Amino acid sequence: RPFSILGLVIAVTIIVTLVLSRVGIDTSTIEYAQGARGNQGVIWSIGGFFGYLGVASVATTFPFALALGSTRRNFALGTLASHVLLAGYTSVVTVVLLLIEKATGQWFVNAYVLDSIFLGSGNVKTAAVVMFLATLTIFSLGGVFAASWVRFGSRGPLLLAGGAVLVIVLFLLGVAPKLGDIFAGFQDWWLAVIAGVLIALSVLGEYLLLRKASVR
């Protein structure tokens, strides 16, 4: 499935690039390459589907797992393990497709898909790490929102989202006077730290919510 999603993004980008070429835009220039590397297609494409998978991995399997005798703790750990494996697989697929993209001159038509600034502008190691952390974060967030639904019903995701927004707003208000300095000194590894924190909090929240959740 990750291969299909990335493949679809590649196909759409190639079509768009060919259309641009037909209307007279020179896609072989350095200026075009700099703009094309801002393609966010891959980032947006993984959000919806992998978020859905994260939700489904908890909401649809929790009752079945408990019926088979799994403990809630083992279920949470097993769900995390499956998310890690799928994120790793997605990362490998991304690297393979990126190497093909670079070897073929951006799919023979200067279509920049995985050679994007959001994935390290062609750096294979950066692309692998970014895709792994991004997909694992999305899986984990989907899992904790699903756990809130299992625990509290339709109110769960609303309460969780509301609480998250409140924390973010309070945090931004607290650091508002220093936002300029923060942006000026921004480092890429900060994103990795933020992803790690979100993953850890999501997995912990999922387990705590499922501890007292009833099987529907």
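Buried here is under 20% relative accessible area, exposed is over 50%, and partly exposed is in between, with a 1.4 Å probe and protein chains only.

A word on what we are looking at. This is a predicted model, in which local features need pLDDT of at least 70 and side-chain atom pairs count only at pLDDT 80 or more, while totals for chains, interfaces and linings use all residues. Residues are numbered from 1 along each chain as its sequence is written, and side-chain values use heavy atoms, with hydrogens and water left out.

Helices are DSSP runs of H or I with at least four residues, numbered from the N terminus.

Let's zoom in on Leu-119. Setting aside neighbours within four places in sequence, Leu-119 is in contact with Val-42, Ile-43, Thr-94, Leu-114, Thr-126, Ala-127, Val-130 and Met-131. Contact means heavy atoms within 4.5 Å.

Now, helix 7, which spans residues 124-152. Is Thr-135, one of its residues, buried or exposed? Thr-135 is buried, because its relative accessible area is 0%. Beyond residues up to four places away in sequence, Thr-135 touches Ile-46, Phe-50, Ala-87 and Thr-90. Leu-141 is also in helix 7, but Leu-141 counts as partly exposed because its relative accessibility is 30%. The C-alpha atoms of Leu-141 and Val-203 are 8.3 Å apart, although 62 residues separate the two along the chain.

Val-203 brings us to helix 10. This helix covers residues 189-211, 23 residues in all, and reaches 33 Å from first C-alpha to last, close to the 33 Å expected at 1.5 Å a residue. That expected span is 1.5 Å times one less than the number of residues. Its buried residues are Ala-195, Ile-199, Ser-202, Val-203, Gly-205, Glu-206, Leu-209 and Leu-210. As background, an α-helix has 3.6 residues a turn, so residues three or four places apart point the same way. Among the elements covering the buried residues of helix 10 are helix 3 (41-59), helix 4 (62-67), helix 5 (72-103) and helix 7.

Next, the spaces. On a 1 Å grid over the protein atoms alone, a pocket is an open set of points with protein on both sides within 12 Å along at least five of seven lines; a cavity is a set where a 1.4 Å probe fits but cannot get out; and lining residues have an atom within 4 Å of a point. Points are joined across faces, edges and corners, and a volume is the space filled by probe spheres set on them.

The largest pocket holds about 1000 Å³. Of its 29 lining residues, Val-167, Ile-168, Ile-194, Leu-198 and Leu-201 lie nearest the centre. Helix 10 gives the most to this lining, with 13 residues. By class, the lining has 26 nonpolar, 3 polar and no charged residues. Here Ala, Val, Leu, Ile, Met, Phe, Trp, Tyr, Cys and Pro count as nonpolar, Asp, Glu, Lys and Arg as charged, and the others, Gly among them, as polar.

The second largest pocket has a volume of about 760 Å³. Helix 7 supplies the largest share of its lining, 8 residues.

How many cavities of 30 Å³ or more are there? The count is 1. The largest cavity, about 40 Å³ in volume, is lined by Ala-76, Thr-79, Leu-80, His-83, Ser-140, Val-203 and Glu-206. Helix 5 gives the most to that lining, with 4 residues.

One last stop, on the backbone. Gln-106 has a positive phi of about 60° although it is not a glycine. Gln-106 sits in helix 6 and is buried, with a relative accessible area of 10%. Ser-121, another residue other than glycine, has a positive phi near 50°. Ser-121 is in the loop between helix 6 and helix 7, and is partly exposed at 37% relative accessible area.

Technical notes: Helices (H or I, at least four residues) and strands (E, at least two) are DSSP runs, numbered from the N terminus.
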